[in-house]
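Here are a few friendly notes to read alongside the model. Take them in order, and keep the 3D view open as you go.

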Amino acid sequence: MTDRIFASSMFFRLAIGGADLGAFHTCAGLGAQVEVEQYAEGGNNGFTWQLPTRITWSNITLSRPVTADTTKISRWLEQLTRRVEPKNGEIVALQPNLTPIARWQVLGIVPVSWQGPSFDPSAPQAAVETLEIAHEGLRAS
């Protein structure tokens, strides 16, 4: 019997341009879509050619409860107010004991939005922040 690692309880570490932005509890949008152009060839009635054209990459959204790492995002965004420049980064899926499960190199990252936490003392839930980034592609590493 082989040991298997299941990603049921994990978190994600994000680094952009060498800056560690900390750990996040959720990560959504690791995906791509290939645009396909259909071409109907004259005299060929059996099928239509499906010609791949370009790949579009989904925006990635990460969220987490407010922690000491929250200030890392504020500092990163402050640097971007001077000049927004796409930078490469990495997302690492980690087990609770910090063992990496998977890694993705993320190319040409730019921020799309950051939603800071809402504080409501009457709500019994943690204050959560969300970061959305756009990018030019993913590479498994």
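Which residues does Leu-62 touch, not counting residues up to four places away in sequence? Point 2 has the reply.

1. Before we start, this is a predicted model, where local features need pLDDT of at least 70, side-chain atom pairs count only at pLDDT 80 or more, and totals for chains, interfaces and linings use all residues. Residues are numbered from 1 along each chain as its sequence is written, and side-chain values use heavy atoms, leaving out hydrogens and water.

2. Leu-62 touches Phe-12, Leu-14, Phe-24, Thr-26, Cys-27, Glu-129, Thr-130, Leu-131 and Ile-133; contact here means heavy atoms within 4.5 Å.

3. Now look at strand 1 (residues 11-16) and strand 2 (residues 19-24), which run antiparallel and are joined by five bridges. Strands are DSSP runs of E, at least two residues, and helices are runs of H or I, at least four, numbered from the N terminus; two strands pair if DSSP finds at least two bridges between them. Phe-12 stands opposite Phe-24. Two residues separate the strands of this hairpin, and Gly-17 in the turn has a positive phi of about 55 degrees.

4. Next, the charged side chains. Arg-13 and Asp-20 meet in a salt bridge (3.3 Å, N to O), meaning a side-chain nitrogen of Lys or Arg within 4 Å of a carboxyl oxygen of Asp or Glu. Asp-20 also forms a salt bridge with Lys-72, with the closest N and O atoms 3.7 Å apart. Lys-72 lies in helix 1 and Asp-20 in strand 2, so this pair ties together parts 52 residues apart in sequence.
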